[in-house]
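Student: I have a structure open and want to go through it with you. Can we start with the words you will be using?

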Amino acid sequence: MRGHARLQTLKGPQLKSSAVFLLCLPLLTSCSAPPPPKPYGPIPSARQLAWHELEYYAFLHFNMNTFTDREWGYGDESPALFNPTEFDADQIARTLQEVGMKALILTAKHHDGFCLWPSQFTEHSVKNSPWRGGKGDVVRELAEACKRHGLKFGVYLSPWDRNHKDYGKPEYVTYYRNQLRELLTNYGEIFEVWHDGANGGDGYYGGARESRFIDKKTYYDWPATWALVRELQPNAVIFSDVGPDIRWVGNENGYAGETCWATYSPVGEDGGEPAPGDTRYREGIEGHREGKHWLPPECDVSIRPGWFYHAAQDSLVKSAETLFDLYFESVGRGGALLLNVPPDRRGRIHENDERELRRLKRRLDETFAINLAQGADATATHVRGEASSFGAGNASARDNQSYWATDDAITAASLTLEFRTPIAFDCVMLQEYIALGQRVEAFVLEVWSGSEWQIIAEGTSIGHKRLLRIPGVQTKKVRLNIAKASACPAIANLGLYKIAQQ
Ligand code: FUL
């Protein structure tokens, strides 16, 4: 009774919170916020979650081929040919950082076997090149420059080696692991280890000059090789056609599918066990809705026609407009954009590449500078336990750590943003709270015309990030309908933007 009397003297928010508190006194547990939803399906590991945040980073194809004007060296190239005239790791790392990239992955060894670091296990390396009098180490200079410029650093170590005499024999696998150990021990923190799928064929092989093929499923004993990566660099993600952390998207053109699941169950070309270089790789474009593993796609593509620098391609650098499209087709479909920017024979990022990268950066910055959804009034048809900690406003909040969620039984629901004055936008960003898995299977976006709801976009997968470009609209209300989900949705972000013109 006394509690009741006091209630009557309170007003506004004070009344509301006191009332809730008093009413809950006898039933404290039933009024507390509900527990978060249970994860659905495979979920990302901590290292995968950190990787998802990178989104856009560089591939650096720079090695012997840069100096021989080739894409695949045979393996008999003289180390004397590797001789950049003005190698400048700071120019490379600084440029990449300034254009918005978060990391770089260097071809420490490509198929021709030449090593950019003075490996103690071969003579086929920078130590026998005239560059820096044979005392140079490209891996070290770039790893250190990355640290100085706030980039993460990763390595590509080609499993195929057309130079090595033992390629095809068990001894070569020991050599490969020894090299991996050098790279993962001597150069600080490595964020990603990249294993290519191209493997086997003709080559120099220590002078044998013949064709050699290996059993892709068994030769490298990949589980044991990856265990070495885990031991030496526990935070590094491992990329290959089959993961185990990041999958190849199945094309070298830089795009994921319009529908693209982070989950995937790779199978071999013959329908059996998969291995790097032996998968039905086209399935990587979409992944599998019921995939057994969290294996998000990395979309690799070169800014030039070739992976390595060729002066003849200086006029063929992809434009910022093309790169902007690729960004939407990779990052905007839940993957990462691994954009190859091959240093030239000086050992620097070429001016033409730099120009387009800076134009791209300007346009991305301008596009995503203002999220029009922030400040909107957010409501939802369902909110988990009616708790503000799962409220609609979480989806339009600045951070991605809070999310709008519904009760477990509700797998179709909608969220509406309402604005005091009309907003104009032509780009939508959606994000799920992926720590709980990929849950949404279909969504519809609508705007209020003044008299009715009009559909402006429909889609399937969301995952870490979905970017949609739509014809420009002006409206005071935007509605996101989650039409189908495998478990109650957990939406971290609904952002609205206006695309900057180039
Ligand atoms: C391919 C390689 O054969 C190319 O040379 C390049 O390195 C590309 C990224 O992967 O499989």
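Tutor: On a 1 Å grid over the protein atoms alone, a pocket is an open set of points with protein on both sides within 12 Å along at least five of seven lines, while a cavity is a set where a 1.4 Å probe fits but cannot get out. A molecule sits in either one if more than half of its atoms lie within 2 Å of its grid points.
This is a predicted model, where local features need pLDDT of at least 70 and side-chain atom pairs count only at pLDDT 80 or more, though totals for chains, interfaces and linings use all residues. Residues are numbered from 1 along each chain as its sequence is written, and side-chain values use heavy atoms, with hydrogens and water left out.

Student: Which pocket does the ligand sit in?

Tutor: The ligand is in the second largest pocket.

Student: How far is the polar side-chain atom of H61 from an oxygen atom of the ligand?

Tutor: That distance is 2.7 Å. For Y156, a side-chain N or O atom is 2.8 Å from a ligand oxygen, and for E252 the value is 3.4 Å.

Student: How much of the ligand does the protein bury?

Tutor: The protein buries 91% of the 290 Å² that the ligand exposes when taken alone, by the Shrake-Rupley method with a 1.4 Å probe.

Student: Where does the largest cavity lie?

Tutor: It lies between domain 1 (46–367) and domain 2 (372–497), because both give residues to its lining. Among those residues are H52, W261, R333, Q438 and H464.

Student: What lines the second largest cavity?

Tutor: The lining includes D196, K216, Y220 and P276.

Technical notes. A polar contact is a pair of N or O atoms within 3.5 Å; within protein, one must be able to donate a hydrogen and the other to accept it, and residues adjacent in sequence count only if both atoms are side-chain atoms. On a 1 Å grid over the protein atoms alone, a cavity is a set of points where a 1.4 Å probe fits but cannot get out, and a pocket is an open set with protein on both sides within 12 Å along at least five of seven lines; lining residues have an atom within 4 Å of a point. Domain bounds come from an automatic or database domain assignment.
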